[in-house]
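Hello,

Here is the structure I promised to pass on to you. Have a look at it first, and my notes follow below.

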Amino acid sequence: MKVKKGDLVQMLSGKDRGKQGRVLDARPKEGRVVVENLNISYKHQKPRPMRDSSRMGGTQMTPGGILDKPSAVPVGNVMVVCPVCHTPTRVGYITKEIRGKPVKVRVCKREACGQEIDI
């Protein structure tokens, strides 16, 4: 999987097509990523008493209402945005020699750019 946690990605399909956000969680076994503020799902929750709320003598309640959280999207529906040319791009790899050891580095595959994505 060529998308990592912390990458800026753009949605290619779905209800949030064209929007950009940061990857909060990458799940390579499932082939899915969770993107900040995209693919929001809503959960209706009742207020419930908290566990171990014996402090101050009274029972404390967790707030109820409509909670929203981002849900996972398939990694094929997102594309990494290059930090240099600011356009969605495919990701390529090159090997660099760093301190005498070969290291794989992600690069932008656009012809005009070709800059490293890992900064």
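Let me start with glutamine 10, which is buried at a relative accessible area of 16% (buried means under 20% relative accessible area, exposed over 50%, and partly exposed in between, with a 1.4 Å probe and protein chains only). Glutamine 10 lies in strand 1; strands (E, at least two residues) are DSSP runs, numbered from the N terminus. Its side chain makes a polar contact with the side chain of glutamine 20, at 3.2 Å (a polar contact is a pair of N or O atoms within 3.5 Å; within protein, one must be able to donate a hydrogen and the other to accept it, and residues adjacent in sequence count only if both atoms are side-chain atoms). Leaving aside neighbours within four places in sequence, the contacts of glutamine 10 (heavy atoms within 4.5 Å) include Asn77, Val78, Met79 and Pro88.

A word on the source: this is a predicted model, in which local features need pLDDT of at least 70 and side-chain atom pairs count only at pLDDT 80 or more, while totals for chains, interfaces and linings use all residues. Residues are numbered from 1 along each chain as its sequence is written, and side-chain values use heavy atoms, with hydrogens and water left out.

The protein averages a pLDDT of 89, and 93% of the residues score at least 70 (pLDDT is the predictor's confidence in each residue, from 0 to 100).

Strand 2 (residues 20–27) and strand 3 are joined by four bridges, and alanine 26 stands opposite valine 33.

Valine 33 also belongs to the largest nonpolar core, which has twelve residues, among them Val9, Met11, Val35, Val80 and Ile117 (such a core is a set of buried Ala, Val, Leu, Ile, Met, Phe, Trp, Tyr and Cys residues joined through side-chain atoms within 4.5 Å). Strands 1, 3 and 9 each supply at least two residues of this core.

Finally, two loop residues to look at. Asparagine 37, between strand 3 and strand 4 (40–45), has a positive phi near 60° and is exposed at 60% relative accessible area. Arginine 99, between strand 10 (91–98) and strand 11 (101–108), has a positive phi of about 55° and is exposed at 84%.

Best wishes

Methods:
Pairing = 2+ DSSP bridges.
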